[in-house]
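This briefing goes through strand pairing, helix packing, aromatic pairs and salt bridges, in that order.

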Amino acid sequence: MTYCLGILARSGLVLAADSRTNAGVDYISSYRKLFDFSLPGERVILLCTSGNLSVTQGVVHTLSQDIKGNQAANLHTLPTMYDVARYVGKQIRAMQEMDRAWLEKDRIDFQCSFLVGGQIMGEEPALFLVYSQGNCIQATPETPFLQIGETKYGKPILDRTIRFDAPLDAIAKCALLSLDSTMRSNLSVGPPINMTMYQADSFVVKHRAQFHAGDPYLLKMRKHWEVSLREASASMPDIDWNQADENLLPTETADLEKN
């Protein structure tokens with residue numbers, strides 16, 4: 001399992017991904033899940049992958065070969081980010097179909113999903129989630145983040161902190177907190193964490209970071225967050241237990257007494 005997230009903001013994009021592919025008592029493997037297919041000055045194309053590793057690696061390889069082979073349709077020629085997302089979906093379906101019979105024979109899960117984010121000249125920045133079936137959905141100002149992989153542990157932080165109008169630096173910190181919280185709760189997600197921040201209309205990726213286990217900033221951020229959570233929890237108003245009983249309707253009180 002892995003965890004990747006993309007966040008769309010008025011001022012740009014943040015994408016982040018862990019690198020853990022398999023975790024067990026005596027075996028852990030790591031593979032990069034965040035890829036940059038940008039054409040500086042013209043377009044920025046960023047991908048995050050989750051799911052069956054052979055399928056996702058095959059898709060990424062095909063995308064690279066289409067660019068090198070100057071195929072009519074590739075990540076550097078398609079006119080819109082929506083076209084890019086649909087093209088990635090088409091490559092997912094093709095790769096799955098190629099190996100489907102053999103994977104199904106051995107009951108191997110071949111599902112996968114991609115995050116596709118970036119900006120093409122003449123458009124606003126965009127972020128898509130491409131499903132294993134090849135279809136996609138797009139992030140919006142009302143729903144500015146998308147997740148793939150092990151999503152549940154990192155979602156509460158994003159729900160409470162991410163706003164479309166927030167500064168990119170603040171969004172990047174929230175993204176890292178979401179990754180770190182997931183790693184804390186699930187051993188199948190782990191470092192190194194790769195993160196990219198893209199400033200809208202710059203058409204070049206200037207901000208990249210990689211955080212390994214024991215990274216000083218990651219440890220500092222983790223400690224600060226945990227202390228802040230404990231302090232916030234301790235300062236919460238006390239529960240008024242008697243008032244809670246008084247607010248119960250008579251039928252509710254009777255039901256409680258029965259139970």
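Two strands are taken to pair if DSSP finds at least two bridges between them. In E2, the bridge partner of Gly6 is Leu15, within an antiparallel pairing of strand E1 (residues 3-9) and strand E2 (residues 12-17) that holds six bridges. The model is predicted.

**Open sheet**

- Five strands make up an open sheet in the order E10-E1-E2-E11-E12, with antiparallel pairing.
- Strand E10 (145-149) and strand E12 (207-211) stand at the edges with a single partner strand each, so one side of each has no neighbour in the sheet.
- On average, neighbouring strands of this sheet are turned by 10° against each other, direction ignored.
- Helix H4 (residues 168-185) packs on this sheet and touches E1, E2, strand E11 (193-199) and E12. The direction of H4 makes about 160° with that of E11.

- Strand E7 (residues 112-120) has nine of its nine residues buried, so the strand is largely enclosed by the rest of the structure.
- In a regular strand, side chains alternate between the two faces of the sheet.
- Cys112, Phe114, Val116, Gly118 and Ile120 point one way from E7, while Ser113, Leu115, Gly117 and Gln119 point the other way.
- Strand E6 (residues 43-51) runs antiparallel to E7 and is joined to it by nine bridges.
- Strand E8 (residues 126-130) also pairs with E7 in the antiparallel sense, over five bridges.
- Leu115 of E7 has a bridge partner in each of these strands: Cys48 and, in E8, Leu129.
- E7 and E8 form a hairpin with five residues between them. Gly122, in the turn, has a positive phi of about 95°.

**Aromatic pairs**

- The structure holds two aromatic pairs.
- In one, the ring centres of Tyr82 and Phe128 are 6.1 Å apart and the planes stand at 55°, so the pair is tilted.
- This pair links distant parts of the chain, with Tyr82 in helix H2 (residues 81-105) and Phe128 in strand E8, 46 residues apart.
- Tyr82 is partly exposed at 44% relative accessibility, whereas Phe128 is buried at 2%.
- The rings of Phe211 and Tyr217 have their centres 6.1 Å apart and their planes at 35°, so this pair is tilted.
- Phe211 counts as buried at 10% relative accessibility, whereas Tyr217 is partly exposed with a relative accessible area of 37%.

**Salt bridges**

- A search of the whole structure finds eight salt bridges.
- Lys155 forms one with Asp159, where the closest N and O atoms are 2.9 Å apart. Both residues lie in helix H3 (residues 155-161), four residues apart, about one turn of the helix.
- Lys155 is partly exposed at 35% relative accessibility, and Asp159 is partly exposed at 37%.
- Arg100 and Glu104 both lie in helix H2, four residues apart, about one turn of the helix.
- Arg100 is partly exposed at 26% relative accessibility, and Glu104 is partly exposed at 44%.
- The side chains of Glu150 and Lys152 also meet in a salt bridge, at 2.6 Å from N to O. Glu150 has a relative accessible area of 11%; buried means under 20%, so Glu150 counts as buried.

Conventions. Residues numbered from 1 in each chain as written. Predicted model: local features only at pLDDT ≥ 70, side-chain atom pairs only at ≥ 80, totals over all residues. Heavy atoms only, no water. Buried < 20%, exposed > 50% of the residue type's maximum accessible area, 1.4 Å probe, protein only. Helix = DSSP H or I, 4+ residues; strand = E, 2+ residues; numbered from the N terminus. Axes fitted to C-alpha atoms, helices over the stretch in contact; angles between N-to-C directions. Contact = heavy atoms within 4.5 Å. Phe/Tyr/Trp six-rings, centres within 6.5 Å; stacked < 30°, edge-to-face > 60°. Salt bridge = Lys/Arg side-chain N within 4 Å of Asp/Glu carboxyl O.
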